[in-house]
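Student: I have a model open and would like to go through it. Can we start with a helix and then move on?
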Amino acid sequence: TTQITNRDYPHVAAPLYAVFRSDIDIRQQDRMIVYQDAEGNTIVFTQCHTKYYNADPAAVTGLHTEAIESVVSLPEEYENCTVGEKVGAWFKKGDRAFLCWTISAEVSCVIEYSPELVAKTDIFKMAESVAPIKAEE
């Protein structure tokens, strides 16, 4: 596995995190958007794009954990949920909470936020309004 981040390529303006795995022939690219209020509180939205070469995207069913884990490590136990009709997971780590869901084999999303500042129901409403961001080639 080879990981490339913006730290490796500081001239890349858009947030970028990519994982290239030759053993399953996929390319993972994450797009991050950070929302911040006047007090410095943040909501971080990441959309993970997986491009398949020789691998079969049909092999991905349910939550695409490999894509999600390019953003955050899933704990052993988490709350199963749905975002709209899509499979998801919700959990807390320290003072942050994470809502993760898979839109398709090619697109998964993560919202990271402070649960004491934003209601869980509001995060789910936000998640339900998400549309895939066009992946870069």
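Student: Which residues of α2 are exposed?
Tutor: This is a predicted model. In it, Thr-121, Lys-125 and Glu-128 of α2 are exposed.

Student: And which ones in α2 are buried?
Tutor: Helix α2 covers residues 120-128, and Ile-123, Phe-124 and Ala-127 are buried there. Seen down the axis of α2, the buried residues fall within an arc of 100 degrees, so they line one face of the helix. The exposed residues Thr-121, Lys-125 and Glu-128 are on the other side.

Student: Why would residues three or four places apart point the same way?
Tutor: Because an α-helix has 3.6 residues a turn.

Student: What covers the buried residues of α2?
Tutor: Strands, among them β4 (42-52), β5 (79-83), β6 (86-93), β7 (96-104) and β8 (107-113).

Student: New topic, Ala-89. Where is Ala-89 placed?
Tutor: Ala-89 is in strand β6.

Student: Is Ala-89 buried or exposed?
Tutor: Buried, because its relative accessibility is 0%.

Student: What is Ala-89 in contact with, leaving aside neighbours within four places in sequence?
Tutor: Ala-89 has contacts with Leu-63, Tyr-78, Glu-79, Cys-81, Phe-98, Leu-99 and Cys-100. Take Leu-63: along the chain, Leu-63 and Ala-89 are 26 residues apart, while their C-alpha atoms are separated by 7.9 Å.

Student: Last thing, confidence. What is the mean pLDDT of the protein chain?
Tutor: The mean is 81, and 77% of the residues reach 70 or more. Over residues 1-24 the pLDDT is below 50.

Student: How many contacts does that stretch have in the model, beyond near neighbours in sequence?
Tutor: Residues 1-24 have 44 such contacts in the model.

Definitions and conventions:
Residues are numbered from 1 along each chain as its sequence is written. This is a predicted model: local features need pLDDT of at least 70, side-chain atom pairs count only at pLDDT 80 or more; totals for chains, interfaces and linings use all residues. Side-chain values use heavy atoms; hydrogens and water are left out. pLDDT is the predictor's confidence in each residue, from 0 to 100. Contact means heavy atoms within 4.5 Å. Buried means under 20% relative accessible area, exposed over 50%, partly exposed in between (1.4 Å probe, protein chains only). Helices (H or I, at least four residues) and strands (E, at least two) are DSSP runs, numbered from the N terminus. The arc is that of the directions from the helix axis to the C-beta atoms.
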